[in-house]
Amino acid sequence: MDIMSNEVSANELLQAHELIWSCSISFIKPMSLKCAVELGIPDIINNHGQPITLSNLISALHIHPSKTHCIYRLMRILVHFGFFTATQKVAMVDHELQQDDKEEEYSLTLASRLLLKDGPLRATPFFLVQLDPLLVTPWHSLSTWLQNSDRTPFEMVHGKTFWDGVGDEPRVKYLFTEAMASDSHLMAKIVVEGCKHVFEGLTSLVDIGGGTGIMAKAIAKNFPNINCTVLDLPYVVENSQGTKNLNFIGGDMFEAIPPANAILLKWILHDWSDEEALMILKRCREAIWSKEKGGKVIIIEKVLIENPEIDKKSAAETQLYFDMLMMVNLTGRERNKREWENLFLAAGFSHFKITPIAGVRSLLEVYP
Ligand SMILES: C[S@@+](CC[C@H](N)C(=O)[O-])C[C@H]1O[C@@H](n2cnc3c(N)ncnc32)[C@H](O)[C@@H]1O
């Protein structure tokens, strides 16, 4: 097709052009939000206790006088994307002249509430860690990596694995650990409190790659008869304190997994290639109790939505972003139902059940 010919209408050309424009500058959305988070705008609005006017927001931010006009523009794009709401407040500025002035007033949305500094469900660490230069730099080398034999773009650029890279950089280690912890608070609410039947009757559980143990703590608290163990890399669990029915082990899941009634794998298998995931699953199969004694593996992961209906388009898009993240940082991938099934059967499991839980994720119960 000759795009300069009359076969292509001007409108079609403009639409194609706009697709490229909007794609190339779409990094502005997260970068604008990052600026707002770094300036502490969500907390300033929250602490104000009521919608905040633009002028009050500017004074609270200590913006340089030459740049105050930029805050309106920053807020305008963030309102457009749904991170804040804006309403017009009419303020009488000069009573004698009877002049009215309209000023924007900003409020938080549920999304910006999740960006407040404190609170167990805060999403700020996850948001900031994804934009950290350590994680963003490898993206510039994706095409080079596709033409060489390096394991991951992250390793090609930084000369170490993602886990070593995170562990060696205190800023990223903090953000990553906090990001995992706040996600686990959310999942604990949804899965541990909301799907109690999954854990009822169990007597021991190992959370593999369980981080600082937020999920395991919730399980141990809600089910005092379950002895919980968190197995993670030594640098992750080094400062973790156990309780009566919770303990921490520093180790490597590829080497040994302690025997248990059940194993939990939350956000683990998507980090690894099929070969590596199979190795982990085989270790789990060896570690859990037999079918007769009620052994099972509980997995919280995405199951790729294929051919999404309109209402699932945005969830499917998020899953595809995660799949690319796994390609760039790690050797992993997101998987569809058939790919999960192939892995489970190859690892020696007999059947499994998928329960969609929250947004883009599912609960998979896998049985020997
Ligand atoms: C994506 S995080 C998930 C953490 C936690 N399950 C959650 O969902 O919040 C993956 C975890 O696997 C751990 N990990 C990576 N390699 C490991 C290994 N070889 N043995 C044990 N844990 C490992 C990491 O330290 C990290 O805590």
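In which sense, parallel or antiparallel, do strands β4 and β5 pair, and over how many bridges? In the predicted model examined here, strand β4 (residues 204–208) and strand β5 pair in the parallel sense, and five bridges join them. Within this pairing, aspartate 207 has valine 230 of β5 as its bridge partner.

Of the six residues of β5 (residues 227–232), five are buried, so the strand is largely enclosed by the rest of the structure.

The loop between α13 and β5 contains proline 224. In contrast to the buried residues of β5, proline 224 has a relative accessibility of 53% and therefore counts as exposed, the cut-off being over 50%. Proline 224 and valine 198 are 26 residues apart along the chain, and their C-alpha atoms are separated by 15 Å.

An antiparallel pairing is formed by strand β8 (residues 296–302) and strand β10, with six bridges between the two. Valine 297 stands opposite valine 366 of β10 in this arrangement. Strand β10 (residues 361–367) has six buried residues out of seven, so β10, too, is largely enclosed by the rest of the structure.

These elements belong to a chain of 368 residues, 43% of which count as buried. The chain has 17 helices and 10 strands. The C-alpha trace spans about 85 × 60 × 40 Å along its principal axes. Among contacts with a separation of 6 or more, 61% are between residues 24 or more positions apart.

The accessible surface of the chain amounts to about 20,100 Å², and carbon and sulfur atoms contribute 56% of this area. Charged side chains comprise 35 positive and 45 negative ones. The centres of the positive and negative sets lie 6 Å apart.

How values were computed: Residues are numbered from 1 along each chain as its sequence is written. This is a predicted model: local features need pLDDT of at least 70, side-chain atom pairs count only at pLDDT 80 or more; totals for chains, interfaces and linings use all residues. Side-chain values use heavy atoms; hydrogens and water are left out. Helices (H or I, at least four residues) and strands (E, at least two) are DSSP runs, numbered from the N terminus. Buried means under 20% relative accessible area, exposed over 50%, partly exposed in between (1.4 Å probe, protein chains only). Contact means heavy atoms within 4.5 Å. Accessible areas come from the Shrake-Rupley method with a 1.4 Å probe; for residues, only the protein chains shown count as cover. Lys and Arg count as positive and Asp and Glu as negative; His and the chain ends are not counted. The place of a charge is taken as NZ of Lys, CZ of Arg, CG of Asp or CD of Glu. Two strands pair if DSSP finds at least two bridges between them.
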